[in-house]
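Biologist: I would like to learn how to read a ligand site and a few backbone angles. Could you take me through one case?

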Amino acid sequence: MRRGLLVVISGPSGVGKDTVIHRLLELDPNLTYSVSGTTRKPRPGEKPDENYTFLTPREFDDLVARGAFLEHATYNGNLYGTFRDRVERTRDAGRDIVLKIDVQGAEQVRRLMPDAILIFVVAPSDEELRHRQEGRGSESVQDLASRRQIAEREMTFVSHYDHVVTNDDVERAAREILGLIQRARERQT
Ligand code: 5GP
């Protein structure tokens with residue numbers, strides 16, 4: 001049986017990664033989303049074990065000590081990590097898995113799994129990104145400011161990725177990513 005692909009999606013905060021991934025998963029039910037662990041507090045509407053597995057810092061540290069994470073990183077003061085067993089089980093079952101992780105996590109995945117497909121999602125312009133970040137409204141002024149700073153730093157990592165996809169339109173961006181995944185599937189066979 002074919003081993004599932006590992007698809008990494010990164011991009012600056014507010015660019016619309018969640019919406020694009022949501023549409024991508026609707027377009028291709030053969031894709032599985034890797035639900036990460038985080039110490040961040042849930043945003044309104046976020047569901048445990050659907051958006052994230054919400055953990056205390058202590059629980060997170062215990063999992064790190066047990067080697068439960070494939071990669072983990074600190075982002076804006078909170079810890080985030082990819083569950084190793086969720087990824088391995090999915091790939092072993094021949095299913096492709098999508099990870100939404102930051103640039104630090106992507107670097108770790110690239111080192112551990114050089115066959116991973118790394119995709120960076122960008123906004124059509126800086127103005128549009130700022131507009132989307134402000135429109136989200138789920139973060140405090142301080143949180144928004146530090147996420148913007150991180151986003152600027154993250155943009156310098158674009159060249160480390162295999163593909164750059166502009167989220168000018170959710171449907172178009174999701175279909176472009178699906179096309180990249182389909183081409184990778186064809187290369188496997
Ligand atoms: P948010 O708090 O907005 O959901 O996510 C903040 C950042 O953490 C985003 O860049 C997101 O891609 C990243 N992130 C989410 N899950 C993980 C993970 O498991 N590992 C790493 N390294 N980053 C993650």
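**Reading the ligand site**

Modeller: This is a predicted model.

Biologist: Which side chains have a polar atom 2.7 Å from a nitrogen atom of the ligand?

Modeller: Glu 71 places a side-chain N or O atom 2.7 Å from a ligand nitrogen. For Asp 102, a polar side-chain atom is likewise 2.7 Å from a nitrogen atom of the ligand. On its own the ligand has 510 Å² of accessible area, and the protein covers 97% of that.

Biologist: How many residues surround the ligand?

Modeller: There are 16, and the closest are Ser 36, Arg 40, Tyr 52, Glu 71 and Tyr 80. By class, 5 residues of the shell are nonpolar, 4 polar and 7 charged. Strands β5 (69-75) and β6 (78-83) each supply at least two residues of that shell. The space the ligand takes up is the largest pocket.

Biologist: Now the backbone. What is the general idea with phi?

Modeller: Most residues other than glycine have a negative phi. Here Asp 49 has a positive value, near 65°, and Asn 76 also has a positive one, near 50°.

Biologist: Where are Asp 49 and Asn 76 found?

Modeller: Asp 49 is in the loop between β3 (36-38) and β4 (52-54). Asn 76 is in the loop between β5 and β6.

Conventions: Residues are numbered from 1 along each chain as its sequence is written. This is a predicted model: local features need pLDDT of at least 70, side-chain atom pairs count only at pLDDT 80 or more; totals for chains, interfaces and linings use all residues. Side-chain values use heavy atoms; hydrogens and water are left out. A residue is near a molecule or strand if one of its heavy atoms lies within 4 Å of it. A polar contact is a pair of N or O atoms within 3.5 Å; within protein, one must be able to donate a hydrogen and the other to accept it, and residues adjacent in sequence count only if both atoms are side-chain atoms. Accessible areas come from the Shrake-Rupley method with a 1.4 Å probe; for residues, only the protein chains shown count as cover. On a 1 Å grid over the protein atoms alone, a cavity is a set of points where a 1.4 Å probe fits but cannot get out, and a pocket is an open set with protein on both sides within 12 Å along at least five of seven lines; lining residues have an atom within 4 Å of a point. A molecule sits in a cavity or pocket if more than half of its atoms lie within 2 Å of its grid points. Helices (H or I, at least four residues) and strands (E, at least two) are DSSP runs, numbered from the N terminus. Ala, Val, Leu, Ile, Met, Phe, Trp, Tyr, Cys and Pro count as nonpolar, Asp, Glu, Lys and Arg as charged, and the others, Gly among them, as polar.
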